[in-house]
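Reader: Please show the model, and then take my questions one at a time.

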Amino acid sequence: MKPDLTAEEEKPKFDQVAFENKARKERIKRYHAAFNVVKSLNLPMPLAKGIGKTIILQLREQGISSKAASWAMRRWTHSDVYLSVVINGKCRFNLDGTEAELITDAEREYSRSILEVRNLT
C-alpha cells in the first residue's frame, strides 16, 4: 500500500541545474550585447589609461550593467586586434581621438606575451 503524499511531496522539486543554466544563458546574452555596444562605439585604439571607467559610465547610461560593461571592456582590450595595435602603435588616445600618452616598451612586451601564449605572433 502506498503512503499518503503530503502537499509538499506532490510539488515538483526545484531544478537547480536548469535554473543555473538558464541564468548563465541570460548572462551571456547580456555580456554579448554589451560587447557589441563597446565595439559599435568605434573607440580609438589603443585607449588612454584609466578611460575604461568613463566608458563604463557611458554604457551604464545606455542601460548596460556595470558588470557586463566591465566584462565587455576587458574582452575588447584583451582582444587580439587591440593587443596587436598596442604592439605596433606609438601612443594611446582619448575618446575624442586626441593623443594621450606614449605606449611604453613594457606595455608592448605585455601585449606581445599575451599573444605569444595564444600562438598568434
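Author: The model is predicted: local features need pLDDT of at least 70, side-chain atom pairs count only at pLDDT 80 or more, and totals for chains, interfaces and linings use all residues. Residues are numbered from 1 along each chain as its sequence is written, and side-chain values use heavy atoms, with hydrogens and water left out.

Reader: Which helices do the buried residues of H3 pack against?

Author: Helices are DSSP runs of H or I with at least four residues, numbered from the N terminus. In H3 (residues 52-61), Ile55, Ile56 and Leu59 are buried, meaning under 20% relative accessible area, with exposed over 50% and partly exposed in between (1.4 Å probe, protein chains only). Because they cover an arc of only 100 degrees around the axis, taken from the directions from the helix axis to the C-beta atoms, they lie on the same side of H3. Their packing partners, by contact (heavy atoms within 4.5 Å), are helix H2 (16-40) and helix H4 (66-77).

Reader: Which side chain does Asp80 join in a polar contact?

Author: Asp80 lies in helix H5 (residues 80-88) and counts as partly exposed because its relative accessibility is 32%. A polar contact is a pair of N or O atoms within 3.5 Å; within protein, one must be able to donate a hydrogen and the other to accept it, and residues adjacent in sequence count only if both atoms are side-chain atoms. At 2.5 Å, the side chain joined to that of Asp80 belongs to Arg118.

Conventions
Helix = DSSP H or I, 4+ residues; strand = E, 2+ residues; numbered from the N terminus.
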